[in-house]
Amino acid sequence: MDSQIKKIHQQLVSKQITCTALVQEKLEVLKQNTHNSVNSLLDTLALDLAAKVDAKIANGETIGLLEGIPFGIKDVYMLQGTYTTASSDLLKNYKSSYTATAIQKLLDAGAIPLVKENCDSFGHGSSSENTIFGAVKNAVNPELVAGGSSGGSAVNVAKEYTVFSIGGDTGGSIRQPAGYNHIYGFKPTYGRISRFGLMAYASSTDCVGPLAKSLEDIRIVLNVMSGKDSKDQTSIASTEISEEAIATSPVKKVGYFKNFIESDAIDAQVKADFLASIEKLKAKGIAVKELDFFKSDILVSTYYTLAMAETASNLSRLDGTNYGNRIEAENLIETYAVTRSENFSEETKRRIVGGNQVLSQGFSDEIYLKGLALRDQISENFSKDFAAVDIILSPVTPSTPPKIGDSLKDPLAMYLSDAYTVGFSLGQLPTLTVPQGTSTGLQITAAKNNDELVLQFANFLKDTL
Amino acid sequence: MNKTMTVDILSSIKGAQPSESVNKLFDVIKNAVPTNNNAATNVNRNCVSVSDLREDVVIASSAMEKRFIIENFPNKKNGFLVVAKVIEG
């Protein structure tokens, strides 16, 4: 698909449509949708901003490319004055007092926020069922899960309720729902986009990223949000990726992880489709190398050990005193405990308890520190791989989306379904889901800070697969 | 004094118990054999160098920011926001 942003920009500039009519139309479909993708609508704000864009156009003023473009925001980002619930009971009445840097940059560019989008509570899930707003239904087949945790964002983009949406990816939360709903979803290099104002899940892998129907829209939105931010000291400087730069691909060698494809867990069709994609690349003269990698259970266990430890720390502030819906009890300690016990979901509690287990004395050496050492090895492995190949290609998921309700019955199966996404998070690598190659798409990964190469190869794949 | 703290106390979650599913993940780590069991060589260095630290500045909250903070905790007593009792005996 071509850029929706550019198409709408042209329609606005040539006065084929008004921004107000566009925003009204999108708000209406969001309001009526039955996919549970919406936590709250930002109708007053959106219509006010749309009127300003229309006034500018009427006055003959030039508007920027993103000016008047409606977008969605996963409900874990601060936007001043809006509810930011993280799809949780604990924060269901919480109002952001400030705005996240990534969102502010989009506002500064004139984009119009329409909706805070449903997701797994605090990002804890791979299906968008762990939410107080009802399980998000897949855009293609509503009996199936939307994926997660940025499920509402993926569905809104896939159904064209939003032109693009901003998700958050800690272990696959943008890439997996993008794959399940047949759209693009990008997790940039860690630090390329400031995390300031993103509710922290696991700070060492949390990434801000766009979901969109076209690669060009991913590029446009990525450029606007990128950059070093003094409010997030892990953020990094980066250069803009131009449309011309991604028009051609310098990729000569592609690798894939043999054990991902030879695993018993992979669906036969996903495997066949992936291998067929590899053959098409070879036919185009691309050299393909099979790579050895860590076993899936090591990847998943390392990721969840570290993510749970970090979320236990990050969510300790949610005690009803610093943040959240307080439930009074006889003393402070009881107030904390009752507030957290009654307001956190079962999955969130499971992860907090797991995190405190691995951080506690006697277990940290055996599990947490060992997990850190394994992460180092995983990163070293990636460094060696990218000395041999330009790009690593992988399926997004081992199988197709499960039915709504199935993931909640078996948390271990849900954790293991993240096998193909979590490794790239641990490596902090730029990884893009493209809606091609298998029924849940393909992941394109490059070395750290090589985000441009990912987009170049994705552009090449558009005409190749 | 018994210094052992159970996960329900550590997590401030009543009746919390370790999960079987999560323990299975941890068992994989326990049984793994890293070639270099030394987390001090962490290659994911996200720390900021001393020369790149930001200035230590106090930024006053805007009136609007203050308003939303107060909205999140609306109880007031003698002009102060009421949070849970700070010190227990």
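This is a predicted model: local features need pLDDT of at least 70, side-chain atom pairs count only at pLDDT 80 or more; totals for chains, interfaces and linings use all residues.
1. Overall form. Chain A is built from 17 helices and 11 strands. Its radius of gyration is 21 Å, close to the 23 Å that the globule rule gives for 465 residues, so chain A is as compact as a globular protein of that length. Along the principal axes, the C-alpha atoms of chain A fill a box of roughly 70 × 65 × 45 Å.

2. Of the 465 residues of chain A, 62% count as buried. When contacts in chain A between residues at least 6 apart in sequence are considered, 74% of them join residues at least 24 apart.

3. The annotated domain. The unreviewed UniProt entry places a feature, "domain: Amidase", at residues 32-455 of chain A. In the model this span is 38% helix and 13% strand, and its end C-alpha atoms lie 35 Å apart.

4. In soluble globular proteins, nonpolar side chains tend to be buried together. The largest nonpolar core here has 144 residues, among which Y184(A) and I391(A) touch the most other members. Helix α10(A) gives the largest share of this core, 10 residues. Once neighbours within four places in sequence are left aside, the contacts of I391(A) are V251(A), V254(A), I444(A), T445(A), A446(A), L453(A) and F457(A).

5. Strand β7 and its partners. Strand β7 of chain A, residues 253-257, is mostly covered, with four of its five residues buried. It pairs in the parallel sense with strand β8 (residues 287-291) of chain A over five bridges, and within that pairing K289(A) in β8(A) is the bridge partner of G255(A). β7(A) also pairs in the parallel sense with strand β9 (residues 391-395) of chain A, over two bridges.

6. Helix α4. In this helix, residues 101-108 of chain A, the buried residues are T101(A), A102(A), I103(A), K105(A) and L106(A), and a reader may wish to note that a lysine, K105(A), is included. The buried residues of α4(A) pack against β2 (70-74), β4 (164-169), β6 (207-212) and α7 (215-225) of chain A. Just after α4(A), G110(A) takes a positive phi of about 95°.

7. An exposed lysine. Where does K15(A) lie, and is K15(A) buried or exposed? K15(A) is placed in the loop between α1 (4-13) and α2 (19-32) of chain A. With 10 other C-beta atoms within 10 Å, K15(A) is exposed, because a residue counts as exposed if 12 or fewer such atoms lie within that distance. K15(A) and T335(A) are 320 residues apart in sequence, and their C-alpha atoms are 57 Å apart in space.

8. The contact between the chains. Chain A brings 60 residues to the contact and chain B brings 41 residues. On the side of chain A that touches chain B, α10 (296-314), α11 (332-343), α12 (346-359), α13 (364-388) and α15 (411-416) each supply at least two residues, and the largest share, 13 residues, comes from α13(A). The residues on this side of chain A divide into 23 nonpolar, 25 polar and 12 charged.

How values were computed:
Residues are numbered from 1 along each chain as its sequence is written. Chains are lettered from A and ligands numbered from 1 in the order in which they are written. Two residues are in contact if their C-beta atoms, placed from the backbone, lie within 7 Å. Ala, Val, Leu, Ile, Met, Phe, Trp, Tyr, Cys and Pro count as nonpolar, Asp, Glu, Lys and Arg as charged, and the others, Gly among them, as polar. UniProt positions are given in the numbering used here, feature names are shortened, and annotations may be inferred rather than shown by experiment. A residue is buried if 20 or more other C-beta atoms lie within 10 Å of its own, exposed if 12 or fewer, and partly exposed in between; C-beta atoms are placed from the backbone. The radius of gyration is taken over C-alpha atoms; the globule rule is 2.2 Å times the number of residues to the power 0.38. A nonpolar core is a set of buried Ala, Val, Leu, Ile, Met, Phe, Trp, Tyr and Cys residues joined through C-beta atoms within 7 Å. Two strands pair if DSSP finds at least two bridges between them.
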